[in-house]
Amino acid sequence: MNEIKNLFSLLWQDFINLVNFFSKASGTKKIVNFSNSLKKEGIIKIENYIPASLADSIKNKLLDLAKKNPKSVKLECGAEFNYRNQNNPNSADSGMLDIFFVDRLIPEISNIKQNDIIKILENTTGQKVVPLKTNAYLNDSIKNTRMYHIDNAQPVIYKAFIYLSDVPDLSYGPYSFVKKTHSLSLYPYINLFKNLFVKKHASTDMSFYNKNMVFSAIGKKGDLILSSQNGIHRGLPQKEGRQRVVLVLSFMIKSKLTYLHKSAKKDLVKTKTNQQEQKP
């Protein structure tokens, strides 16, 4: 059963987290501070990570691509437009657009420097970290978003959410995270065990959490939110007429790449090759 598998996987991951918890960060003072905060809280926010002008440019290209591709489709370059649960309006995230490997459609995305993110993550994990893929999320009046959840118990995926549009208040559906649930927390265990008996929930749904620890990341275009996807999180529901456009960079500990499916590994190799070809 997935719940049992996830329980044991989470236990093993927490053992690794405990070992790495006492490792010391290195680098600039800013990098060290971000790393320590991420290790402790599971999430950090970095304001103005990219210029607002770059955010606007990428957002406009994304909106244009969405107009040209109003239905789910995989393009020849490998990029894929996935309208989640498009034919089932009552399902979670119905209508939300998730574009896989969006950097293959917008070369300008390669201008976003990832070195600082990788340094923060390597200090946080004590291990070599590599980029996985780049997605884009377009939420437009999405009222029924998925409940709080974790992505998986093993391996840990880290995601950097770069806002391409302003998210000034909760009505825009910001990314929301329950702090300190990413490591050595009882809440994921309680939920995984509870989900053995509550069949209406998916294995990794997290209905029980400390509401006082919720951090909803309102922010401006260009801001970056970096979090461990082992922590309890979700995208909040939006009000009618609200839009949120986000670039999502995924990262993973290099030694954990064996967990990836063969097709995912091929996509990762193709992404690296494309990035190298784009370099001057």
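Okay, quick ground rules. Because the model is predicted, local features need pLDDT of at least 70 and side-chain atom pairs count only at pLDDT 80 or more, while totals for chains, interfaces and linings use all residues. Residues are numbered from 1 along each chain as its sequence is written, and side-chain values use heavy atoms, with hydrogens and water left out.

When I say helix or strand, I mean a DSSP run, numbered from the N terminus: H or I with at least four residues for helices, E with at least two for strands. Two strands pair if DSSP finds at least two bridges between them.

Let's start with the sheet of 8 strands. It's open, the pairing is antiparallel, and the order goes E1-E9-E6-E11-E5-E4-E3-E2. At the edges sit E1 (43-46) and E2 (73-74), each pairing on one side only.

Now look at E11, residues 243-253. How many of its 11 residues are buried? Here, buried means under 20% relative accessible area, exposed is over 50%, and partly exposed is in between, using a 1.4 Å probe and protein chains only. It's 10 of the 11, so E11 is largely enclosed by the rest of the structure. On one pairing, E5 (residues 129-140) joins E11 through 10 antiparallel bridges, and Tyr-137 stands opposite Val-246 there. E6 also runs antiparallel to E11, with 7 bridges, and Phe-161 is opposite Val-248.

E6, which covers residues 157-163, has another antiparallel pairing, with E9 (residues 224-228) over 5 bridges. Find Tyr-158 and you'll see its bridge partner in E9 is Ser-228.

Then there's an open sheet of 3 strands, again antiparallel, in the order E8-E7-E10. E8 (214-216) and E10 (233-235) each have a single partner strand, so one side of each has no neighbour in the sheet. E7, residues 175-178, pairs with E10 over 3 bridges, and Phe-177 has His-233 as its bridge partner in E10.

On to helices. Which helix does H1 (residues 2-21) pack against at about 165°? That's H5, residues 186-194, and the axes are 9 Å apart. Axes here are lines fitted to C-alpha atoms, for helices over the stretch in contact, and angles run from 0 to 180 degrees between N-to-C directions. That angle makes H1 roughly antiparallel to H5; the cut-offs are under 35 degrees for roughly parallel, over 145 for roughly antiparallel, 65 to 115 for roughly perpendicular, and oblique for the rest. Among the residues meeting there are Leu-7, Leu-10 and Leu-11 from H1, and Tyr-189, Leu-192 and Phe-193 from H5. Contact, by the way, means heavy atoms within 4.5 Å.

H2 (residues 29-41) lies across E1 and E9, at about 145° to E1. In H4, residues 115-125, the buried residues include Ile-117, Ile-120, Leu-121 and Thr-124.

Ser-141 has phi near 60° and sits in the loop between E5 and E6. Leu-184 has phi of about 55° and is in the loop between E7 and H5. Ser-141 is buried, at 16% relative accessible area, whereas Leu-184 is partly exposed, at 47%.
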